[in-house]
Structures are given as structure tokens and as C-alpha cells.
Amino acid sequence: MLRFFGIRLARALLTLVLVVTFAFVVLRLSGDPALLIMSPDAPPEAIAAFRKAWGLDDPIWQQYLRYFAAIFQGDLGLSMRDGRPAIALVAERIPATLALTLPALAIKIGLGIPAGVYAALHRNSFADRAVMLLAVAGFTVPSFVLGLLLVLVFAVQLGWLPSGGQESWRHAVLPVLTLGIGGAAVLARFTRSAMLEVLGQPYMRTALAKGVPWAVAVRRHALPNAAIPTVTIVGFMVGSLLAGAVVVESVFSWLGVGRLLVVAVANRDLAVVQCILLLVATTMVIANLVVDLLYGALDPRLRVAPKGATA
Amino acid sequence: MSDTTLDPAAIASPVVVTPPARKRLRVPPLVILAILWLALMLFTAFAAELISPFSFTAMDLRNRLSPPIGLGGEWLHPLGTDELGRDVLSRLITSIRMSLLIAFGATVISAVLGVSLGFLAAHFRGLVEQAVLALVDFQAAMPFLILALAVLAFFGNSLPLFICLLGLNGWERYARIARGLAVSAGAQGYAAAVRQLGASPWRVYGRHVLPNIASTLIVSMTLAFPEIILLESGLSFLGLGVQPPMTSLGNMVGYGREYLTRAPWVLLAPSAIIVLTTLSVSLLGDWLRDRLDPTLR
């Protein structure tokens with residue numbers, strides 16, 4: 001178990017190092033920071049002084065190490081737009097984003113998983129076909145189209161709900177619905193195919209043959225086994241709590257992390273973009289790590305992974 | 001040296017023959033509709049210049065925001081016009097071409113990249129394989145939209161860069177599939193046999209392994225295609241993808257959004273095309289997967 005945990009932790013850390021390296025390489029490839037910040041027609045002495053002050057004339061590996069050290073101290077640079085620390089700008093947007101993504105996650109899980117299980121247990125019934133059709137539709141309708149359709153119906157035509165802004169809980173209803181419906185469709189589809197796969201396994205036939213009632217067989221054998229692929233998707237959804245609302249926040253002018261990211265990209269505010277990139281990567285990696293540990297709890301076979309079979 | 005004795009089709013054929021012939025001919029009506037729709041889209045993309053009534057940038061300032069037929073519009077602009085009096089139908093046709101071009105380009109790039117890396121990993125094993133797997137992990141661990149936004153922020157935007165960027169989406173799935181299948185093909189005798197006959201690795205992978213895993217790859221490409229269309233339209237919707245004066249489906253929705261209350265048709269027409277196209281490709285992909293490759297379920 002300890003070995004299992006150690007390998008997963010090492011992989012998670014490796015992924016984070018890769019993300020940081022990616023950010024560093026891309027940052028350096030995108031142009032000379034001195035020329036980017038100073039105007040191109042600044043006197044050469046000023047540019048040289050700037051390079052010296054920020055250590056840009058040191059060997060690249062020293063800059064790389066210093067970059068790492070700064071990140072570990074929580075220093076992610078200043079926003080080029082308003083000069084405040086990028087990390088503070090991002091942090092103050094997090095609650096707004098979570099106010100959308102957490103209720104949406106509840107809808108996804110509460111709606112998607114039961115619908116998928118039900119559809120699989122009643123395969124080829126009318127309910128199954130309806131769920132699958134809705135699931136495919138939910139998967140293929142892009143979130144901005146769904147969001148704008150909801151605005152058109154509920155805000156423009158019926159006038160029940162506001163179309164954008166974030167003054168009250170009523171402003172959150174449409175964005176939460178937009179996020180939740182799309183995610184529930186994806187989850188229903190995955191849960192259904194996971195359940196169908198498990199229901200066709202020999203151990204289900206054995207359980208039924210030895211006289212275990214259908215409901216018990218489903219509860220004791222099918223559901224825990226089908227939970228494994230489903231947990232992966234849910235883990236991905238948890239990991240993208242911070243970054244999963246980029247488009248929807250833009251549709252509803254919701255000032256969250258996603259909106260900040262889009263504005264920062266449009267303004268090429270690199271410090272903020274990089275800060276969000278690292279934040280998202282970290283949440284994602286942590287979520288994946290937790291999922292891996294849950295695997296161990298759900299499926300004892302994975303705990304005693306044979307030597308070498310780590311992939 | 002003749003290939004006929006090791007023809008991959010001969011090895012694959014028992015799998016194809018197993019389903020009863022009468023079942024094979026049945027194509028569900030929904031899939032037929034999907035194929036017809038995709039054929040229409042392909043025709044539109046190829047014949048864009050011939051069939052669009054106006055140039056997609058031509059302005060008709062006396063007919064700004066004129067409604068489509070059925071809402072009081074006239075036949076001059078069957079789907080209405082936008083805020084600058086540009087014909088929505090003509091813009092739609094050009095957008096379909098642009099979006100399909102990007103999606104095809106990106107799908108091909110990601111398939112080629114992923115399959116090459118997967119084969120490299122399967123061929124060299126050891127350190128190369130570990131490096132590819134680490135990259136796969138990295139790619140799978142990050143929401144692609146965020147990566148794409150970061151790259152766009154750092155490098156700015158141009159159409160070739162944008163297509164290549166979208167081509168990075170999903171390569172890790174092809175790499176996984178290609179690596180897994182190539183490793184198992186290596187254990188299956190036929191690849192070893194041609195190698196023993198003196199074939200170069202290029203020949204072994206290109207002529208023997210690739211045809212054997214082609215059906216799995218084609219199904220994966222069909223399943224990834226809608227994703228790329230959605231990604232492209234999402235980024236263009238945010239104003240960070242295809243830049244004006246060029247136009248794409250997401251781009252049209254993004255700019256039409258400001259006229260949501262006064263002229264919803266500007267936005268609804270491209271939305272409908274996006275939804276119908278991704279839906280059709282998904283239906284076709286699901287059906288192909290069930291027919292050709294039950295292992296992908």
C-alpha cells in the first residue's frame with residue numbers, strides 16, 4: 001500500500017514539475033521579457049540594466065532554478081495590468097467560481113450517475129433511449145450555445161431570471177444549470193457504459209446463478225465495480241472546479257477565475273495566465289492523486305500492483 | 001518478397017466475418033440522417049464559393065439586421081443579415097468551410113503525432129517509453145482549454161498556429177492506443193515474422209502494424225472530431241480563436257451574442273449548424289465503434 005502511494009505521489013510531483021517547466025519554457029520562448037516589459041525603443045543601457053536587475057543575463061539553468069524557488073515561495077510575479085501580485089488577483093476570484101462550479105458538480109453527480117445506472121439496468125427500454133439521446137445531445141451542445149439558449153428563453157422571452165452579472169443567487173441559476181446539464185450528460189453516458197460492462201461480467205452471472213437476488217447482486221457486485229471508471233470522470237470534474245467554467249463565465253459575465261483568464265489571455269498578462277495555469281494544474285494533480293487512492297480503496301487488486309506494472 | 005502471405009486483411013478477416021450478414025446491412029435511420037447531413041456539410045465546405053449568394057464580407061447597409069424568411073424577411077437574404085448587413089447564409093457557408101478545415105487539420109495532426117509517439121514508445125521501450133508516458137500523463141492531467149489559452153496568451157494568434165495548437169488536443173489518446181496495440185502486435189508473430197525477413201522498422205510499422213490497428217484509430221478520430229469542433233468554436237466564441245475578418249461558426253455565435261435580443265437569428269443559425277454537425281459525427285462515431293471495434297467501449 002505504501003509502495004502504491006509512493007509511486008502515485010512521485011508521478012503527481014513529476015507532472016507538476018512538467019507543468020512548471022512548460023510554463024517556464026513557453027514564457028522564455030514567447031520573447032525577451034526585457035523587450036516585452038520595456039518599450040522596444042528604450043535605450044540599450046536601460047534594457048541591459050533591467051536584464052541585470054532581474055537576472056535575465058544569468059545562464060538559463062540558473063534562471064530555471066530561481067523560477068522554481070520563487071514559485072515555492074508563492075511568488076508568481078506581478079500582473080502587468082495593475083501591478084498587483086498575480087496570486088492575489090486570482091485568489092479573490094476563486095469564491096465566485098466555486099459558487100458556480102460546486103452546485104453544478106452536485107447537479108452532475110445527483111443527476112448523471114442515477115440516470116446512467118437506471119439506463120443501464122433497463123437497457124433498450126424507452127427510458128434508456130431517452131437518457132442516451134439526452135446524454136448525446138448534452139454532450140454535443142456546446143456550453144455557450146446552451147447558455148445563450150437558456151438566456152434567450154428564461155431571460156429574454158420569459159423574463160424570469162437575469163441574463164448576466166452576479167448580484168444575487170438568482171444570477172447564478174442559469175450559469176449553474178448550463179454547467180450542470182452538460183456535465184450530467186457526460187457522466188450519465190460514462191456511468192451507463194461502465195454499468196453495462198460490469199453487468200455482462202461472468203461474476204454477475206455466477207452471483208445470479210447461485211441464487212443471489214438481482215437487487216443484491218447489483219448493489220454488492222455491479223455498483224462497486226462500475227464505480228471505478230465513474231470515479232475517474234468525477235475526479236476530473238472535481239479537478240476542474242476552478243477552470244471548468246471559462247466559457248460559461250464569459251457567457252454570463254461572471255467575474256470568476258475563468259473570466260480573469262480570458263481577459264488576461266486577451267491582454268497577454270502573462271503573470272496571471274501562468275498563475276492560473278499552475279493553480280489549475282495543482283488542483284488537477286491533487287484530484288487525480290485522490291482518485292488513485294480511491295481506486296485502492298475500491299479495488300483491492302490495484303493495491304498490490306505487481307512489480308513493474310505501474311502504468 | 002511478397003506481402004500476400006502476411007496480408008493483414010487476411011489476419012483480420014475472421015473478425016469481420018463473424019457478425020451475421022443480415023445484421024451487417026442494417027444502418028439505423030438516425031445514422032443515415034447523420035451521414036446525409038455530413039455529406040451536405042462537406043459539399044458546402046468544398047463548394048463554398050460557388051453556392052454562397054454574396055461574399056461573406058459584403059455589406060448591405062440598407063438591410064442591416066433584416067430577419068430571415070418566416071420572420072418577415074425577404075428572399076434576398078434567406079437567413080437574414082447581421083449588424084453590418086452581411087448575409088448570414090453566406091457567412092454561414094464560409095464559416096462551415098473554416099470550421100471543418102480547422103477540425104480536419106487538427107484531427108489529422110493529433111492522430112499523426114499520437115500514433116508516431118505511440119509507435120516510438122512501443123519500438124524503443126525503456127527510457128523513450130517512460131518519457132512518452134510521462135508526457136501522456138501531463139497532457140491527460142490538464143484541461144486542454146487551459147493549456148490552449150496559455151499558449152495563445154504567450155504566442156499570440158495566427159491561423160496555422162491555431163490549427164497546430166488544436167492538433168495537440170487528444171494526441172495522448174492515440175498514443176496510448178497505438179502503443180498498446182503495437183506492443184501486442186509485436187507479440188503476435190506477424191510483425192516479428194516480417195522483421196525476421198529483414199523489413200525495416202518503417203516497413204513493419206507503416207505497412208503491417210498500422211493497417212491492423214487502422215479501424216481502431218479511425219473510430220477514435222471520429223470520436224475526437226466533435227471535440228475539436230467544440231473546442232474551436234469555444235475559443236473563437238471567446239474571441240481568442242479565428243480572428244476577424246475571417247469567420248468561423250464559434251466566431252459568428254460570439255459576435256452575434258450582442259444582438260441576442262434584437263436579432264437572435266445571427267446567433268441561432270451557426271449554433272444549429274454546430275450542434276447538428278457534432279451530433280451527426282458523434283452518432284456516426286458511436287455506430288462505427290459498435291460495428292468495427294467493440295473493444296473501445
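**Exercise 1. State in which element Gln139(B) lies, and decide whether Gln139(B) is buried or exposed.**

Solution. Gln139(B) has its place in helix α6 of chain B; helices (H or I, at least four residues) and strands (E, at least two) are DSSP runs, numbered from the N terminus. The model is a predicted one: local features need pLDDT of at least 70, side-chain atom pairs count only at pLDDT 80 or more, and totals for chains, interfaces and linings use all residues. Residues are numbered from 1 along each chain as its sequence is written, while chains are lettered from A and ligands numbered from 1 in the order in which they are written.

The next step is the neighbour count. A residue is buried if 20 or more other C-beta atoms lie within 10 Å of its own, exposed if 12 or fewer, and partly exposed in between, with C-beta atoms placed from the backbone. Gln139(B) has 20 other C-beta atoms within 10 Å and is therefore buried.

**Exercise 2. Describe the secondary structure, burial and contacts of chain B.**

Solution. Chain B contains 13 helices and zero strands. Of its 297 residues, 44% count as buried. For contacts, two residues qualify if their C-beta atoms, placed from the backbone, lie within 7 Å. Among the contacts in chain B with a separation of 6 or more, residues 24 or more positions apart account for 71%.

**Exercise 3. Describe how α13(A) packs against α7(B) and α5(A).**

Solution. Two packed helices are described by the angle between their axes and the distance between the axes. Axes are lines fitted to C-alpha atoms, for helices over the stretch in contact, and angles run from 0 to 180 degrees between N-to-C directions.

1. The axes of α13 (residues 270-298) of chain A and α7 (residues 144-155) of chain B come within 10 Å and cross at roughly 160°. Angles under 35 degrees count as roughly parallel, over 145 as roughly antiparallel, 65 to 115 as roughly perpendicular and the rest as oblique. α13(A) and α7(B) are therefore roughly antiparallel.
2. The crossing of α13(A) and α7(B) is left-handed; a crossing is left-handed if the near helix is turned anticlockwise from the far one by less than a right angle, and right-handed if clockwise.
3. Leu270(A), Val273(A), Leu277(A) and Val280(A) of α13(A) meet Ile146(B), Ala150(B), Ala153(B) and Phe154(B) of α7(B). This contact comprises eight nonpolar, no polar and no charged residues.
4. The axes of α5 (residues 86-121) of chain A and α13(A) come within 9 Å and cross at roughly 60°, which makes α5(A) oblique to α13(A). Their crossing is right-handed.
5. Ala86(A), Ile87(A), Leu89(A) and Val90(A) of α5(A) make this contact with Ala271(A), Val272(A), Cys275(A), Ile276(A) and Leu279(A) of α13(A). The residues involved are nine nonpolar, no polar and no charged.

**Exercise 4. Identify which residues have the most contacts inside the largest nonpolar core.**

Solution. A nonpolar core is a set of buried Ala, Val, Leu, Ile, Met, Phe, Trp, Tyr and Cys residues joined through C-beta atoms within 7 Å. The largest such core has 153 residues, and Leu261(A), Val272(A), Val273(A) and Leu277(A) have the most contacts inside it. Helix α5 (residues 88-124) of chain B gives the most to this core, with 16 residues. Neighbours within four places in sequence aside, Leu261(A) is in contact with Val246(A), Val273(A), Ile276(A) and Leu149(B).

**Exercise 5. Locate Asn124(A) and Ser253(A), and give the phi value of each.**

Solution. Most residues other than glycine have a negative phi. Asn124(A), in the loop between α5 and α6 (126-140) of chain A, has a positive phi near 65°. With 9 C-beta neighbours inside 10 Å, Asn124(A) counts as exposed. Ser253(A), in the loop between α11 (246-251) and α12 (257-267) of chain A, has a positive phi near 40°. Ser253(A) is partly exposed, with 13 other C-beta atoms within 10 Å.

Conventions
Nonpolar A, V, L, I, M, F, W, Y, C, P; charged D, E, K, R; others polar.
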